[in-house]
Amino acid sequence: MSAVPSAIARDVEVPGTEAPRLAPKAACYFFVVAAVTIAIAIPLLSHLSLHTPGWATFLILGGIAAVAQLFVVRTPRNQSYHTTIVFLIPAAMLLPPELVVLMGVVQHIPEWLKNRSAWYIEIFNICNWTLSMMAAYAAFHGILRVAPASDVEYAVAGLSAAAAMVAVNHLLMAPMLHLARGHSLRESGLFSFPSLSTDLVLAMLGVAMAAFWA
């Protein structure tokens, strides 16, 4: 694995145990992202039941992702990175949307309990990953619905899911790092070639895992 920090696996982080209060603009952005996430999640969760297919896959992938989330490396740019995306991409490809929308919560709860991070940090991270996973789900299944089912189309759909997850995660993270921590796009490194290429490689490993799983 490259030594370059992986932006897709980054969360908003602050050094030490004391988290500064959000600036007004950052707080507004936080509530917009949270509102969009809730608007997407509630209709999906209303259809969730014990009869929803994929519970076993959800529990396995969710458990692995939660453990991977605990092994984190923090950077001086108020971010952290890990390899959780390798297990989130298969979830977006294999699970129904009712369970996909829960992965962000399952992924972050153990870390939240362990680190006792500020509530707004963890909630933003949950929302960010949830929206990123839903974008990956939409890209993957959208392509498979309009294209004939074959190995080529599956690979294209998987690549689209990986790209969608990386893109949405970076696009949501950048404004928060700027508004809350004052990092410019250049300073954050979110859109640098090493960061984006590393993220896509990790995401494609998730696509390969999903294909093997299926």
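First, the ground rules. This is a predicted model, in which local features need pLDDT of at least 70 and side-chain atom pairs count only at pLDDT 80 or more, while totals for chains, interfaces and linings use all residues. Residues are numbered from 1 along each chain as its sequence is written, and side-chain values use heavy atoms, with hydrogens and water left out.

The layout. The protein has 9 helices and 2 strands; helices are DSSP runs of H or I with at least four residues, strands are runs of E with at least two, and both are numbered from the N terminus. The order along the sequence is α-α-β-β-α-α-α-α-α-α-α. Of the 214 residues, 50% are buried. Buried here means under 20% relative accessible area, exposed means over 50%, and partly exposed is in between, with a 1.4 Å probe and protein chains only. Take the contacts between residues at least 6 apart in sequence: 78% of them join residues at least 24 apart. Contact means heavy atoms within 4.5 Å.

Now the core. A nonpolar core is a set of buried Ala, Val, Leu, Ile, Met, Phe, Trp, Tyr and Cys residues joined through side-chain atoms within 4.5 Å. The largest one has 34 residues, and Ile85, Leu88, Ile89, Leu95, Met103, Met133 and Met165 have the most contacts inside it. At least two residues each come from H1, H2 (55-70), H3 (85-94), H4 (97-100), H6, H7 (151-181) and H9 (193-213). H3 gives the largest share, 8 residues. There is also a second, separate core of 19 residues, with Leu22, Ile121, Leu131 and Leu190 among them.

How enclosed is H3 by the rest of the structure? Largely, because 9 of its 10 residues are buried. The buried residues are Ile85, Val86, Phe87, Leu88, Ile89, Pro90, Ala91, Ala92 and Met93. Their cover includes H2, H4, H5 (103-115), H6, H7 and H9.

On to the pairs. Two packed helices are described by the angle between their axes and the distance between the axes. Axes are lines fitted to C-alpha atoms, for helices over the stretch in contact, and angles run from 0 to 180 degrees between N-to-C directions.

H3 and H9 cross at roughly 50 degrees, and their axes come within 7 Å. H3 and H9 are therefore oblique to each other; under 35 degrees would be roughly parallel, over 145 roughly antiparallel, 65 to 115 roughly perpendicular, and the rest is oblique. The crossing of H3 and H9 is right-handed. A crossing is right-handed if the near helix is turned clockwise from the far one by less than a right angle, and left-handed if anticlockwise. On the H3 side the contact includes Phe87, Pro90 and Leu94, and on the H9 side it includes Asp199, Gly206 and Trp213. By class, this contact has 14 nonpolar, 1 polar and 1 charged residues. Nonpolar covers Ala, Val, Leu, Ile, Met, Phe, Trp, Tyr, Cys and Pro; charged covers Asp, Glu, Lys and Arg; the others, Gly among them, are polar.

H3 also packs on H6, at about 50 degrees with the axes 8 Å apart. That makes H3 oblique to H6, and the crossing is right-handed. Ile85, Leu88, Ala91, Ala92 and Met93 of H3 meet Trp129, Met133, Ala136, Tyr137, Phe140 and His141 of H6. The count is 10 nonpolar, 1 polar and no charged residues.

H1 passes H6 in a left-handed crossing. Among the residues in contact are Tyr29, Val33 and Thr37 of H1, and Trp119, Cys127 and Thr130 of H6. This contact has 14 nonpolar, 2 polar and no charged residues.

Last, two residues. Leu144 lies in H6 and is partly exposed, at 28% relative accessible area. Beyond its neighbours within four places in sequence, Leu144 contacts Glu153, Tyr154 and Ala157. Ile109, in H5, is partly exposed at 33%. Its C-alpha is 8.5 Å from that of Glu122, 13 residues apart along the chain.
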